[in-house]
Amino acid sequence: MEHLRCVVERITYQNQENGYTVIKCRAKGYQELVAVVGIMPDVFVGSVLSLGGQWHVDGKYGRQFSVETCEEMLPATVYGIEKYLGSGLIKGVGPKFAKRIVERFGKDTIRVIDETPDLLVEVEGIGEVRVERIKKSWKEQRVVKDIMVFLQGHDVTTAHATKIYKAYGDKSVEVVMENPYRLADDIWGIGFVTADTIAKKMGYGQEKYDRIRAGVQYTLNRISDEGHVYAMWDQLVSKASELLGVEEEYISITMDEMRRAGELIIEKKDALENATAQDGNESVVYLPPFFHAERGTAIRLKSILSAEGIVIVDAIGLAKRIEIKTGMDYDEIQERAIEEAIKNKVFVLTGGPGTGKTTTTLGIITAFREAGAKILLAAPTGRAAKRLSESTGMDYDEIQERAIEEAIKNKVFVLTGGPGTGKT
């Protein structure tokens with residue numbers, strides 16, 4: 001990591017939501033202003049920063065210093081102090097009053113504001129009301145800095161420290177001290193591994209409930225990344241125990257408590273009744289969102305299967321007739337796929353690139369068109385919608401016309417689509 005000490009001359013961009021900032025700084029050894037980018041706490045013109053990071057060259061903006069760590073230092077020169085105070089850092093102090101304050105107190109200005117702010121009434125134009133405003137604003141700034149120092153003292157990166165402060169404000173230290181694993185629940189981009197690292201630096205107990213709870217949730221989420229909506233009880237206990245380095249008994253006790261709190265749904269395999277640790281590997285464990293998604297999907301599929309719909313009785317040999325209509329030459333698997341799609345109300349067609357999914361889909365659409373069915377096509381992205389339109393011959397105008405008809409007929413209607421798909 002390289003280091004850069006600089007003074008902020010200009011703030012080009014500052015995102016209040018995530019702390020991403022672009023600033024121009026004056027740094028020793030550089031004649032031109034240096035571009036600095038990255039996630040930083042609120043900085044102001046005149047702020048003296050000690051930065052850690054890497055230099056890189058952006059194709060559009062040129063050479064930039066990308067920030068990984070950021071610590072704000074107090075300015076040491078009279079000029080720096082004046083610029084610092086006049087930047088908008090303190091409510092009630094602009095460039096005019098900053099100049100007067102520095103002229104009165106010189107290099108002692110920061111110490112006066114910090115320790116004996118009532119002396120500011122000695123400055124022309126500053127009355128008691130303005131002094132109180134300055135004291136309040138300065139205190140707020142000091143709180144932010146103290147919080148950032150605390151978090152960075154526990155190896156929390158500047159980016160994460162900024163997110164933590166924006167989430168919890170003045171209670172940041174209190175929240176992190178009480179339960180650092182809340183960070184994984186509350187803050188996007190801070191997962192279990194990061195929260196666990198912070199907790200270890202703070203000396204948080206390895207067998208504490210909050211840690212094991214977070215570890216169980218993390219393990220279930222990792223299993224879901226492999227395509228599973230639940231885990232077997234014994235599988236989850238074993239994996240979580242390995243991750244956390246604690247006895248399996250602690251995992252089981254925690255999972256039972258999480259079930260009581262509604263944070264896990266545990267059922268007997270192939271049954272709907274609640275289960276506990278006593279059921280061992282006969283239990284399956286869900287995170288609630290996956291459980292409700294799976295059940296909701298099953299209910300919806302059951303509803304579709306029981307609803308009335310178009311049925312093409314003469315499905316046998318239909319694919320051959322569709323070949324003539326579309327001019328396609330389908331193989332045996334494609335013919336069977338078309339027939340199955342016609343006979344069933346729900347049908348999933350899968351296959352790798354070049355296996356004939358698009359031509360098979362065209363055959364299915366043609367079959368339903370021949371039967372007089374109304375066809376609606378949907379795609380998750382603009383690119384996919386365009387590809388679907390091109391491959392099926394159903395242009396955007398046709399889809400849009402049907403969307404308008406559906407919107408008029410239904411009390412609730414949701415219109416989706418990627419950029420350029422004609423939503424407007």
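## Helix 4 and helix 5

In this predicted model, helix 4 and helix 5 lie oblique to each other. Why oblique? Their axes cross at roughly 130 degrees, and angles over 145 degrees would count as roughly antiparallel, while 65 to 115 would count as roughly perpendicular. The crossing is right-handed.

Which residues make the contact? Helix 4 supplies V144, I147, M148, L151 and Q152. Helix 5 supplies T158, A161, T162, I164 and Y165. By class, 7 of these residues are nonpolar and 3 are polar. No charged residues take part.

## Helix 14 and helix 15

Now take another pair of helices. Helix 14 spans residues 332-343, and helix 15 spans residues 357-370. Their axes come within 9 Å and cross at roughly 40 degrees. Helix 14 and helix 15 are therefore oblique to each other. Their crossing is right-handed.

On the helix 14 side, the contact is made by Q334, A337, I338, A341 and I342. On the helix 15 side, T359, T360, G363, I364, A367 and F368 take part. The contact has 7 nonpolar and 4 polar residues.

## Helix 11 and its surroundings

Helix 11 runs over residues 248-260, which makes 13 residues. From first C-alpha to last, helix 11 reaches 19 Å. That is close to the 18 Å expected at 1.5 Å a residue. After helix 11 comes G262. The phi of G262 is positive, near 80 degrees.

Which residues of helix 11 are buried? They are I251, S252, T254, M255, D256 and M258. These buried residues pack against two helices, helix 9 (209-225) and helix 10 (233-244). They also pack against strand 7 (265-268) and strand 8 (283-286).

## R213 in helix 9

R213 is found in helix 9. Is R213 buried or exposed? Its relative accessible area is 12%. Buried means under 20%, so R213 is buried.

What does R213 touch, leaving aside its neighbours within four places in sequence? R213 is in contact with D185, T254, M258 and E263. Among them, T254 and M258 are buried residues of helix 11.

Definitions and conventions. Residues numbered from 1 in each chain as written. Predicted model: local features only at pLDDT ≥ 70, side-chain atom pairs only at ≥ 80, totals over all residues. Heavy atoms only, no water. Helix = DSSP H or I, 4+ residues; strand = E, 2+ residues; numbered from the N terminus. Expected span 1.5 Å × (residues − 1). Buried < 20%, exposed > 50% of the residue type's maximum accessible area, 1.4 Å probe, protein only. Contact = heavy atoms within 4.5 Å. Axes fitted to C-alpha atoms, helices over the stretch in contact; angles between N-to-C directions. Parallel < 35°, antiparallel > 145°, perpendicular 65-115°, else oblique. Left-handed = near helix turned anticlockwise from the far one by under 90°. Nonpolar A, V, L, I, M, F, W, Y, C, P; charged D, E, K, R; others polar.
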